[in-house]
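Q: Could you show me how to read strands and helices here, one feature at a time?

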Amino acid sequence: LSVGVAAQDEAEPVEVCELAYYTGSFASYGPSLTNDVRFVIDEVINVDPPLGRPWALISEDIGDDMEGQAARKCIEQHGAEIIVSIAHQYRNYRDYMLEQWAENDAPLAPTIHGGAIPGNLGGSVEEPLFRAQGVDDMLGVAGALYADSIGAEDVVIFATEVEGFQLAANAQEKAAEALGLNVLERIDAPPEQASYRAEAQRIFDLEPDAVLIQAGSVESANMIKAAAEAGLALNWIGETGWSEAEFIGSLGTDPIPTQEAIGFAAFAPNFDSPGWQFYEEAWNSQEGCT
């Protein structure tokens, strides 16, 4: 009987619940981020499931302010053994998660979006939260370093009121001052505004050498378009989200030649690694993969 029960348990799928971005400031990234998780489960793990238990993916939308509710749903309704990508709002429901870990020794919590979580949290048996990226502060520092490298002296920092972007902008402001850059103004604005014309006018009046932006792809594109329409030509320094197709899709090509430069702090995959070479065909054969 014990052997039979063990075999049955091994056949039960591991419920993996992704905290997904389908609405809110990062909605444009949602499908591709889900695909990153799905690919690993379908093409790697489920080819030879550990302990004979295939993994089943469930995605729960967190929007801009629903992460805590989504995490509870993952645990209480889906019985998730793994929660993927705890993000910006973690501290709002951290006590709940600590209780779950203390009582159940689960779920595991690998995260791609843990940049807004302080670096001294997680990475322990009591709090098995593990990051696949650095903290968001570093993105802000990278932008300030680039502004300094191109000889900018007077800069404006623009950020939407999303925790990760605010953290990056805070670090950017401190880094800029440490580098000797003159921060003319720090402008904070709500996310998902239809227009940032008023903020663009403030930047126009300040006449900076460069604008350092910590905002979503659509908001960033709207800001640059509004500035271009106002006759402003500047160096625009953004963040990694600008690598998404949504950014250039929202910006269009008309504003690009009117500006001095539009760039962003970025990282890229290592196409020389054996891992990429092994999975390249499977990745590229996906429908719509770019």
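**Reading the sheets and helix pairs**

A: Let's start with helix 3 (residues 67-76), which lies across strand 1, strand 2 and strand 3 and runs at about 170 degrees to strand 1. Helices (H or I, at least four residues) and strands (E, at least two) are DSSP runs, numbered from the N terminus; axes are lines fitted to C-alpha atoms, for helices over the stretch in contact (heavy atoms within 4.5 Å), with angles from 0 to 180 degrees between N-to-C directions. The model is predicted, so local features need pLDDT of at least 70 and side-chain atom pairs 80 or more, while totals for chains, interfaces and linings use all residues. Residues count from 1 along each chain as its sequence is written, and side-chain values use heavy atoms, without hydrogens and water.

Q: In what order do the strands of the open sheet of three lie?

A: In general, strands of a sheet pair through backbone hydrogen bonds, either parallel or antiparallel. Here the order is 2-1-3, with parallel pairing (a pair needs at least two DSSP bridges). Strand 2 (55-61) and strand 3 (82-84) are the edges; each has a single partner strand, so one side of each lacks a neighbour in the sheet. Neighbouring strands are turned by 25 degrees against each other on average, ignoring direction.

Q: How many bridges join strand 1 to strand 3?

A: Three, and strand 1 covers residues 14-20. Look for Cys17, whose bridge partner in strand 3 is Ile83. Elsewhere, strand 9 (residues 235-238) and strand 10 (residues 261-264) also pair in the parallel sense, over four bridges, with Gly238 opposite Phe264.

Q: At what angle do helix 7 and helix 8 pack?

A: Two packed helices are described by the angle between their axes and the distance between the axes. Helix 7 (residues 197-206) meets helix 8 (residues 217-229) at about 55 degrees, axes 8 Å apart. That makes the pair oblique (under 35 degrees is roughly parallel, over 145 roughly antiparallel, 65 to 115 roughly perpendicular, the rest oblique). Arg197, Glu199, Ala200 and Ile203 of helix 7 touch Met223, Ala226, Ala227 and Glu229 of helix 8. By class, this contact has five nonpolar, no polar and three charged residues (Ala, Val, Leu, Ile, Met, Phe, Trp, Tyr, Cys and Pro are nonpolar; Asp, Glu, Lys and Arg charged; the others, Gly among them, polar).

Q: What about helix 2 and helix 10?

A: Helix 2 (residues 30-43) packs on helix 10 (residues 274-284) at about 115 degrees, axes 12 Å apart, which makes them roughly perpendicular. Asn35, Asp36, Phe39 and Glu43 of helix 2 meet Tyr279, Ala282 and Trp283 of helix 10. These residues divide into four nonpolar, one polar and two charged.
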